[in-house]
Amino acid sequence: MAKVSPFSAGINCRCPECGEGQLFRGYLEMNDECAACGADFTVADSGDGPAFFVMWIAMIVIVPLGMLFHLWLRPPVWVHLLIFPPVIILFCLWLLRPAKSLLFASQWANKAEEAQFEKHADQQN
Ligand SMILES: [Zn+2]
C-alpha cells in the first residue's frame, strides 16, 4: 500500500492510513474506524487544537480585512457588526473540518504517543 500524504488525507477528510475511507460521519464527529481499511480512529484525538488554529487563522485573515474595509469606506460601527460576525463564523465553520482532519492525519503520521496516552488515562478514570 502506498504511503498516504497526511496533508492530502487531511485536506480531503480521508483516512490517513489508506486515503480512501471517510474520516467523518457528521460535521465534526469522526468514525470509529475506516470503512475501507479498518484503521482504528479512536487511538488519536486532535482535541482543541483545530479550534485554536482556526480562530488564529481567522484573526490573521479577517482583522486586516476589517481594518482595510474601515479605512476604505469609513462605515459606521453597525455596518461592521452586521458584516463581520457572520463572515467570521462562516470562515471558521468552513475551515474547522479540514483543520481537524489535518491535525488528526498529522497525529496519525507521526504516531503521536500523547494522544494515545491521554485516551488510555481517561479510560482508567
Ligand atoms: Zn482507511
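**Figure 1. Helix α3 of the predicted model is kinked at Leu96.** Helix α3 has 33 residues. From its first C-alpha to its last, α3 reaches 46 Å, close to the 48 Å expected at 1.5 Å a residue. Just after α3, Lys111 takes a positive phi of about 50 degrees.

**Figure 2. Helix α2 bends at Met59.** The bend is about 25 degrees. The 25 residues of α2 should span 36 Å at 1.5 Å a residue, and this agrees with its end C-alpha atoms, which are 36 Å apart. Just after α2, Arg74 takes a positive phi of about 50 degrees.

**Figure 3. Buried residues of α2 and their cover.** Pro50, Val54, Ala58, Ile62, Gly66 and Phe69 of α2 are buried. An α-helix has 3.6 residues a turn, so residues three or four places apart point the same way. Helix α3 (77-109) is included in what covers the buried residues of α2.

**Figure 4. The zinc ion is held by four cysteine donors.** Cys15, Cys18, Cys34 and Cys37 each coordinate the zinc ion through SG, at 2.2 to 2.3 Å. Along the chain, these donors follow the spacing C-x2-C-x15-C-x2-C. The site is tetrahedral, with angles of 107 to 111 degrees among its four donor atoms. For comparison, the ideal angle for four tetrahedral donors is 109.5 degrees.

**Figure 5. The protein chain has four helices and zero strands.** Read along the sequence, the pattern is α-α-α-α. Of the 125 residues in the protein chain, 31% are buried. Among contacts with a separation of 6 or more, 56% come from residues 24 or more positions apart.

**Figure 6. Prediction confidence is lowest in helix α4 and highest in helix α2.** Helix α4 (residues 113-124) has a mean pLDDT of 57, whereas helix α2 (residues 49-73) has a mean of 96. For the protein chain, the mean pLDDT is 89, and 88% of the residues reach 70 or more. Where pLDDT is low, the predicted coordinates should not be read in detail.

Terms used. Residues are numbered from 1 along each chain as its sequence is written. This is a predicted model: local features need pLDDT of at least 70, side-chain atom pairs count only at pLDDT 80 or more; totals for chains, interfaces and linings use all residues. Side-chain values use heavy atoms; hydrogens and water are left out. Donors are N, O and S atoms within 2.8 Å of the metal (3.2 Å for Na, K and Ca); water is not among the atoms, so sites may look incomplete. Four donors count as tetrahedral if all angles lie between 85 and 135 degrees; four count as square planar and six as octahedral if opposite donors are over 155 degrees apart and all others between 65 and 115; anything else is irregular. pLDDT is the predictor's confidence in each residue, from 0 to 100. Helices (H or I, at least four residues) and strands (E, at least two) are DSSP runs, numbered from the N terminus. The expected span of a helix is 1.5 Å times one less than its number of residues. The bend at a residue is the angle between axes fitted to the seven residues ending there and the seven starting there. Buried means under 20% relative accessible area, exposed over 50%, partly exposed in between (1.4 Å probe, protein chains only). Contact means heavy atoms within 4.5 Å.
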